[in-house]
Every structure is written in C-alpha cells, then in structure tokens.
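Have a look at the structure first, and then we'll go strand by strand.

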Amino acid sequence: MSMLQAVDRADNGAYRRLAGWHGELTAFRRDLHAHPELGFEEKRTAARVVAALRAAGVDEIHEGIGKTGVVGVVHGAARSSGRMVGLRADMDALPMTEENDFAWRSCSRGLMHGCGHDGHTTMLVGAARYLAETRRFDGSAVLIFQPGEEGFAGAKAMIEDGLFERFPVESVYAMHNWPSLPAGHIGINPGPMMAAADRIEIVVHGKGGHGAHPYLAVDPVLVAAHIITAAQSIVSRNVSPVDSAVISLCAMQAGDSGAFSVIPREAKLVGTVRTFRPEVQDMVEERLARLVDSVAVAFGATASLHYQRTYPATINSPEHAEFAADVAAALVGGDKVVRELPPSMGAEDFSFMLQVRPGAYLRLGQGGSAFLHNTRYDFNDEVLPLGAALFAGLVERSLPPPADH
C-alpha cells in the first residue's frame with residue numbers, strides 16, 4: 001500500500017498536493033544527505049534552504065540567526081489576528097563515517113546525516129512551499145531552520161540572538177523521525193518527550209608508582225573502578241521507581257597502554273546523566289559529588305566532579321500536545337496516532353524553545369531503517385510529504401481563516 005493510500009482521509013488536501021512534489025522533495029533531501037555539515041558550519045545547507053524558500057515565494061527570509069540559522073515567514077491570506085505560529089527543523093549532521101553504499105551517501109569523510117535532520121529540513125521546506133501557495137490561514141507561519149542541534153545548543157543560540165523577540169510566536173512545534181514507529185504513524189506525549197542531558201567529568205588524583213609495588217602508590221584506577229560501581233547505587237537507591245534517571249560513565253582514561261607496570265597518578269571518567277524532573281536532577285548532582293569525594297578519600301586519593309547541565313528536558317505543553325495529536329489524527333487517522341508515547345532518555349535542544357514558548361515535539365514514524373546515529377541509517381523518503389503536511393496542518397489549524405475567507 002502506498003503512503004497516499006494509507007493517508008486516505010477527508011482532511012488530506014495538503015498531503016495530496018505535497019505528494020505531487022515527492023520527487024522534488026526526495027532529490028532535495030538526498031542532496032542534503034550527500035553534503036552533511038556539522039553544527040554552526042551549515043553554510044551550504046543554509047544556502048540551499050534560502051534558495052528553496054525564495055523559489056517557494058516565502059514572504060520574508062532572515063539569515064544568520066544563531067550563526068547559521070535561517071528563518072522564513074509566510075503570511076496568510078488574512079493577517080487580522082496578528083498571530084504567529086513557529087515550526088522548527090534542525091539542519092546539522094554528525095561526526096560519523098557513513099557505511100551506506102547508495103548514490104547519495106555522504107561525500108564528506110567523517111561526516112554523516114545519521115539522525116535524519118536532512119529529512120526534517122526537507123519537510124519544513126515542503127511545508128513552506130505549500131503554505132506560500134495556499135495561504136489558507138489568518139496570521140503568519142514562522143519557519144525556523146536551526147543549526148547545531150547535535151551538542152551545540154543551536155536552539156539556545158537562536159533564542160539568544162533574538163529569535164522570539166523578532167518573531168513573537170505564540171507556540172512552536174517540531175518533529176523528529178522515529179524508526180521504532182511504523183511509517184505513517186505519529187507519536188506524542190502530553191508531558192515529557194526527552195530527558196535532560198548532563199555531562200559529567202570525574203578526575204581522580206592518586207600517587208603514581210610501580211605496578212610491582214602498589215603499596216607505595218595510591219592507585220587512581222582502583223578508585224575510579226569503585227566510583228563507577230558505587231555511582232550505580234544513586235539511581236537504584238535514591239530515585240523513586242515512578243521517576244526515571246540514568247547515570248552512565250562511558251569513558252575512562254588512565255595511564256599508558258604501553259606501560260603495563262606503571263600505576264598512573266591520575267584517572268579521568270566521562271559520562272552522562274539523564275533525568276526528567278529538576279528535583280531528581282538536583283539530587284543526582286548532589287549525591288554524585290558526595291560519593292566521588294567520599295570514595296576517593298576512603299582510598300587516600302582525592303577526586304573532583306565537574307557537572308555540566310547541557311540540555312534541559314523536552315517537556316510538551318499538555319494543551320499543545322493534545323492539539324498536535326488531533327491534527328495528526330485528522331491527517332493519518334486516530335488509530336495511527338500514539339498519544340502517550342513513552343519518553344526517550346535521549347536529549348533534544350528544542351527543549352530550550354519549549355522553555356520560552358509553549359508547544360509540542362512529535363515523533364514521525366519512518367519504520368524499518370537502522371536506528372538513529374547508526375552508520376547505516378538513512379531517512380525514509382516515503383514519509384517526506386506526510387511530515388510536510390503535518391507541519392502545514394499545525395499552522396492551518398492553529399490559525400484558522402476568518403469565516404468569510
């Protein structure tokens with residue numbers, strides 16, 4: 001069954017029009033995929049977006065917001081409401097080496113669109129073209145093409161660059177492809193969608209020495225091992241079972257692998273903490289700091305914790321999540337909308353936008369491909385018209401035209 005047959009609903013005029021542009025959208029997406037760029041380096045990507053927005057007849061195009069961000073504005077046939085709604089797509093790629101062998105694989109060694117931002121950008125470009133051609137709404141659609149989502153806090157950079165002062169949207173929406181959902185399905189949650197992401201670095205200071213005489217040294221590797229084990233008790237014995245938290249110590253650096261009999265004087269641990277509630281986040285930071293210090297002291301060493309809060313939790317406004325779910329249901333049918341999708345412990349810097357404006361973050365099912373951040377991942381081009389129609393529907397239903405239009 002084709003995607004068009006699957007989306008066989010009365011309210012699919014936007015989808016049918018966008019499906020007619022499927023070939024163009026696919027070519028655009030694959031061009032972006034072949035030319036990935038890291039956060040705040042998306043110069044070619046931004047230029048392609050600007051050219052597409054100009055060709056679509058978008059009313060305003062603003063470049064260089066948050067370094068390489070682009071904002072397009074489409075005015076409705078009526079503007080009497082004075083209202084604005086924002087739609088956001090991320091543009092950046094990842095520092096990964098792609099292992100696919102299709103014609104549109106990455107041309108840049110060590111860079112890859114391994115998370116589908118090429119697809120997100122294409123869907124918003126498609127929505128821009130549709131909205132500029134039809135203009136069946138009262139107000140303005142603000143199309144936000146964001147740089148630097150993958151660890152660079154590009155959303156925060158755009159906000160600090162005056163995004164919402166210059167474009168005072170009343171609500172803002174974003175979506176992310178989700179290989180775990182079948183193509184044509186849409187998921188959302190009326191509260192938490194993604195966790196807060198914190199970076200932790202623990203440095204253990206001991207006393208170096210000879211591996212044959214450990215009693216003359218203070219072994220930081222041993223101390224680090226005990227910290228790794230003890231840290232797991234913070235979640236299991238301090239976080240309520242109805243809450244969620246993850247502490248992962250993912251890398252350890254100590255000594256020289258060629259010096260098999262040398263006890264180093266220092267060991268470093270790097271990892272991440274994921275939480276949803278600020279109270280849990282505060283507790284984990286406080287307990288981890290005390291644990292690191294106490295374990296080190298017990299072994300005659302010292303240790304320090306650097307705790308960096310990078311991305312806050314992505315929390316949907318219940319009202320806007322319900323509205324977005326209704327828009328999705330009108331497009332694909334209620335049976336294909338998961339209204340209480342379990343939250344992910346991954347993180348997303350759209351969270352910064354949701355701290356400033358109410359809105360919602362959705363998952364667009366794409367089925368069957370390798371999961372996100374996999375070297376064989378690719379965006380499913382079949383869902384491009386559907387994602388673009390969902391973006392457009394959020395604007396049209398948020399800003400209905402006057403009765404006489």
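Which residue in β16 is the bridge partner of I186? It's L364. Keep in mind that this is a predicted model.

That bridge belongs to the pairing of strand β6 (residues 186-187) with strand β16 (residues 359-365), which is antiparallel and has two bridges. Both strands sit in an open sheet of eight, and reading across it you get β1-β2-β4-β3-β5-β16-β6-β15. The pairing in this sheet is mixed. At its edges are β1 (60-65) and β15 (337-338), each pairing on one side only.

Now for the helix on that sheet. Helix α12 lies across β3 (84-90), β4 (140-146), β5 (171-178), β6 and β16. Its direction is at about 160° to that of β5.

α12 (residues 384-398) also has a helical partner, α10 (residues 318-332). The two pack at an angle of about 125°, and their axes are 10 Å apart. That angle is why α10 counts as oblique to α12. The crossing of α10 past α12 is right-handed. On the α10 side, the contact is made by F323, A324, V327, A328, A330, L331 and V332. Facing them from α12 are L386, A389, L390, G393, L394, R397 and S398. Sorted by class, this contact comes to 11 nonpolar, two polar and one charged residues.

The other sheet to look at is an open one of four strands, in the order β10-β12-β8-β13, and its pairing is antiparallel. Here the edge strands are β10 (245-254) and β13 (302-311), each with pairing on one side only. On average, neighbouring strands in this sheet are turned by 20° against each other, direction ignored.

Zooming in on one pair, β10 is joined to strand β12 (residues 266-275) by nine bridges, and the two run antiparallel. Within that pair, V246 has R274 of β12 as its bridge partner.

This four-stranded sheet has helices packed on it as well. Helix α8 touches β8 (196-205), β10 and β12, while helix α9 lies across β8, β10, β12 and β13.

Here are the helix-to-strand angles in one place:

| Helix | Reference strand | Angle between directions |
|---|---|---|
| α8 (residues 220-238) | β10 | about 175° |
| α9 (residues 278-298) | β13 | about 160° |
| α12 | β5 | about 160° |

Terms used: Residues are numbered from 1 along each chain as its sequence is written. This is a predicted model: local features need pLDDT of at least 70, side-chain atom pairs count only at pLDDT 80 or more; totals for chains, interfaces and linings use all residues. Side-chain values use heavy atoms; hydrogens and water are left out. Axes are lines fitted to C-alpha atoms, for helices over the stretch in contact, and angles run from 0 to 180 degrees between N-to-C directions. Angles under 35 degrees count as roughly parallel, over 145 as roughly antiparallel, 65 to 115 as roughly perpendicular and the rest as oblique. A crossing is left-handed if the near helix is turned anticlockwise from the far one by less than a right angle, and right-handed if clockwise. Contact means heavy atoms within 4.5 Å. Ala, Val, Leu, Ile, Met, Phe, Trp, Tyr, Cys and Pro count as nonpolar, Asp, Glu, Lys and Arg as charged, and the others, Gly among them, as polar. Two strands pair if DSSP finds at least two bridges between them.
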